[in-house]
Amino acid sequence: MKVLQIDDLSKSFRGHEVLKNMSLAVEKGEVIAVIGPSGSGKTTLLRCAAMLENADGGSINIGGIPVLANGVYAAKNVLKQARGKCGMVFQGFNLFPHMSVLKNIIDAPVHVAGVPPKDAVAEAMRLLEKMELADHAEAYPCELSGGQQQRVAIARALALHPEILFFDEPTSALDPELTQGVLQVIRALAEENMTMIIVTHEMDFAEMVADRIIFMADGVVVEDGPAAQIIHNPANERTKAFIAGLKAVC
């Protein structure tokens, strides 16, 4: 069963084409790592798929809901239903600084999805236990480390029970020690068969967690294949050069 189907997606900013007839299919339970140089369209792909950015053309189907068809978006009520199937985790956490950890997590379930506050709090505390942050429920984001903030952001995304999670460089703002805690959480979600698309430069993590790796450059998919194959034996010369560059930096 496909959770996400993207066909011929295009997006431009001020005349610069960022996505060029991009297509991607994601099966239920599949974990896909998206890699590529800066400016290749990785973040724009996620933002269009999660309906945070409007595409210029193409089609998007999420969980069987036609969000975009030949460049035309569905009605607002349909888009609202589709958004409920998506969760987004940003590299900058994007937590509300004036809200406690608990309120950050229950805000969307209560005010967007209409979940009774008591039920939303119970679910939030369950997720915080999972993130090993239950004792920080009343803390504010500024009182947490970057790794803790990112785990709160993951809990917030999970609170709406999405069918697919999008991660945009979830560890890029963290130091190596804090990175490991966040990656462990994502790995646990993969073991629970959570469908995920993860933009990352963490090659070891991508190989460990992802079913497939997609290498993007200049707004197109240059190469798509099993994680180990893309990392150790890529077929495309551009992919080879990119992987070699990352290994040289490490």
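Colleague: Where is serine 40 found?

Modeller: Helices (H or I, at least four residues) and strands (E, at least two) are DSSP runs, numbered from the N terminus. Serine 40 sits in the loop between β3 (31-35) and α1 (42-49). This is a predicted model: local features need pLDDT of at least 70, side-chain atom pairs count only at pLDDT 80 or more, and totals for chains, interfaces and linings use all residues. Residues are numbered from 1 along each chain as its sequence is written, and side-chain values use heavy atoms, leaving out hydrogens and water.

Colleague: Is serine 40 buried or exposed?

Modeller: Buried means under 20% relative accessible area, exposed over 50%, partly exposed in between (1.4 Å probe, protein chains only). Serine 40 has 1%, so it counts as buried.

Colleague: Which residues does serine 40 touch?

Modeller: Contact means heavy atoms within 4.5 Å. Leaving aside residues up to four places away in sequence, serine 40 touches Val18, Met216, Ala217, Asp218 and Gly219.

Colleague: In what order do the 6 strands form the open sheet?

Modeller: Two strands pair if DSSP finds at least two bridges between them. The order is β7-β8-β9-β3-β10-β11, with mixed pairing. β7 (86-89) and β11 (220-226) are the edges; each has a single partner strand, so one side of each lacks a neighbour in the sheet.

Colleague: How many bridges join β3 to β10?

Modeller: 4 bridges join β3 to β10 (residues 212-217), and the two run parallel. Valine 34 stands opposite isoleucine 214 in β10.
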